[in-house]
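User: I am new to this structure and would like to go through it step by step. Could you take my questions in turn, beginning with the ligand and then moving on to the strands?

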Amino acid sequence: MSKRFYITTAIDYVNGQPHLGHAYEKVITDVIARSRRSLGQAVFYLTGLDEHGQKVQQAAVAEGKSPQAYCDELAQSFQSLWRSLGITNDDFVRTTEPRHKEFVQAILARLHAQGQFYTATYKGFYSTKEETFLTDKDRLPDGTFDPSWGEVIELEETNYWFKLREHQQWLIDYLEANPAFVQPDYRRNEVLGFLKSQPLEDLCISRPAARLSWGIPLPFDPNYVTYVWFDALVNYISVPAAHGDATVLAAAEPEPKTRDSGLRLWPADIHVIGKDILKFHAVFWPIMLKAMGLPLPKQVLAHGWWQKEGAKISKSTGNIVDPVAVINEWGVDAFRFYVVRELDIGPDGNWTDTGFKARYQAELANGLGNLVNRSLSMLKRYRQGIVPARSDGLAGEAARVVADTRSSLENHRLQAALLAIWSLITRANQYVDQTAPFKLAKDPAQAARLDEVLYNLAETCRVLAVLLWPFLPGTATKIYAQLGLCGEPDQFAAAAWGGLPAGHQLGEPSPLFPRKEA
Ligand code: MSP
């Protein structure tokens with residue numbers, strides 16, 4: 001079996017309902033996964049939840065629930081949101097599952113036996129919220145710690161530490177030799193800047209169970225649980241192990257008891273994450289993998305952060321976007337479209353309700369929706385919905401857009417792909433205005449010309465359905481159905497011009513994006 005294209009998202013903390021930031025990341029990852037499948041690759045898309053640690057424990061306590069019961073309830077919300085968003089993940093990991101916990105413990109036992117950890121007592125300032133020791137570098141100019149660290153306490157504690165210092169130089173060399181490893185480039189430079197400017201501190205991988213019980217017990221010392229990040233990052237390999245990927249099985253046990261299923265996932269092709277957790281993925285994770293003797297992921301792709309109406313998204317101020325409410329009001333494809341079209345993978349973005357409505361109206365309803373509706377309605381009215389003989393009037397333009405879209409998709413330039421696709425929509429709408437089929441229809445001498453125009457429009461709609469599928473799967477499937485075609489437009493190869501056969505009978509046209517009252 002050849003290796004699957006393995007793509008992951010960050011696993012979300014279960015300390016509240018899923019929000020725009022979580023949803024954005026799952027959507028862009030879904031678009032990449034769907035485009036790879038459409039381009040003919042076998043894909044494995046993994047997402048899930050990060051259920052251990054202080055944040056989750058505190059959130060559960062605040063609601064008077066046991067952490068597990070609290071996580072179980074919220075896991076439903078996350079999974080149901082991903083279903084309504086059309087997310088095509090192949091597995092869903094929860095870090096409280098035995099398959100994950102056992103794998104983490106096997107890794108820890110092995111690294112411990114290899115002498116990768118040591119114990120040391122450390123006295124310093126500790127952020128309980130972020131579960132991490134702070135240093136003087138984290139102090140503001142006035143000597144205090146930023147409020148984002150939450151409560152900061154002075155703590156003296158003995159813990160297990162993972163030696164990182166000896167890894168610093170090879171990681172710098174690796175990042176320099178492999179520009180694609182961290183993308184976009186400015187994020188890679190950030191990581192290099194960090195690594196070159198200071199000696200790497202060792203990583204504290206344990207927390208005393210007496211202080212924080214909600215975690216995976218260290219297999220070699222029951223007085224401690226595993227630091228939440230050491231637990232969480234391992235999800236990217238514990239799931240392949242559970243599926244019988246021999247590469248990762250070997251890392252946990254020298255002679256794996258789990259059977260090799262033949263499935264090959266690791267190394268991951270892309271870890272999609274937000275910019276705030278870059279250090280964990282581009283510094284700690286590669287070092288952990290190297291210590292386990294495993295190959296590194298091919299790419300860490302870091303997206304930016306959303307704001308809403310120019311301010312930080314925050315539950316306490318009520319400045320939020322509830323994806324469920326947006327989907328209920330506007331439809332799932334409107335949500336998927338807006339977030340991908342508005343924000344390229346990399347920079348920060350700003351959700352505005354007026355911007356959302358404007359894109360819905362102009363690009364979805366008046367652009368795509370109007371093109372498909374008038375093209376198919378005219379074909380129905382003037383030709384009883386029977387496709388005329390092939391004509392190549394828009395074939396050249398469509399082929400250019402197909403090529404541009406393919407190359408953008410291959411490079412995960414999702415916004416650029418949408419721009420290319422919309423250039424074809426705009427062109428086809430212009431073509432309607434220029435050729436004026438409603439006038440041609442009144443003149444029997446123009447019947448052949450009308451046939452040509454109607455073919456070009458219907459075929460453009462078909463090509464658009466194929467190109468749009470990774471982004472707007474529901475809409476793409478509706479366009480196919482309205483064209484009287486069976487199945488889903490989920491194979492990119494079908495975007496080649498001329499797929500609609502003469503004599504084919506259309507289905508029923510109906511508006512794709514109903515107009516909304518202001
Ligand atoms: N649990 C860790 C990740 C562990 S991965 C092994 C975590 N969880 S999180 O729930 O805080 O964030 C999950 C993802 O959502 C992260 O990639 C984060 O960057 C992203 N986002 C959270 N808020 C966001 C925005 N406002 N905008 C865009 N993405 C943001 O970190």
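**The ligand and its shell**

Analyst: The residues of the shell around the ligand divide into 11 nonpolar, 8 polar and 4 charged, where Ala, Val, Leu, Ile, Met, Phe, Trp, Tyr, Cys and Pro count as nonpolar, Asp, Glu, Lys and Arg as charged, and the others, Gly among them, as polar. This is a predicted model, in which local features need pLDDT of at least 70 and side-chain atom pairs count only at pLDDT 80 or more, while totals for chains, interfaces and linings use all residues. Residues are numbered from 1 along each chain as its sequence is written, and side-chain values use heavy atoms, with hydrogens and water left out.

User: Which residues come nearest to the ligand?

Analyst: There are 23 residues around the ligand, a residue being near if one of its heavy atoms lies within 4 Å of the molecule. Those that come nearest are Ile11, Glu25, Asp50, Asp276 and Trp306.

User: How far is an oxygen atom of the ligand from an N or O atom in the side chain of Asp276, and what share of the ligand's area does the protein bury?

Analyst: For the side chain of Asp276, the distance from an N or O atom to a ligand oxygen is 2.6 Å, which falls under the heading of a polar contact, a pair of N or O atoms within 3.5 Å. Taken alone, the ligand exposes 660 Å² (accessible area by the Shrake-Rupley method with a 1.4 Å probe), and the share of this that the protein buries is 94%.

**The strands**

User: Which strand does E13 pair with in the parallel sense over 4 bridges, and what is the hand of the crossover between them?

Analyst: Strands here are DSSP runs of at least two residues and helices (H or I) runs of at least four, numbered from the N terminus, and two strands pair if DSSP finds at least two bridges between them. The parallel partner of E13 over 4 bridges is E14, where Leu301 is the bridge partner of Val272. From E13 the chain passes through helix H10 (residues 278–292) to E14, and this β-α-β crossover is right-handed, meaning that, with the strands pointing away from the viewer, the path from the first strand over the helix to the second runs clockwise.

Key
Polar contact = N/O pair within 3.5 Å; in protein donor to acceptor, adjacent residues only side chain to side chain.
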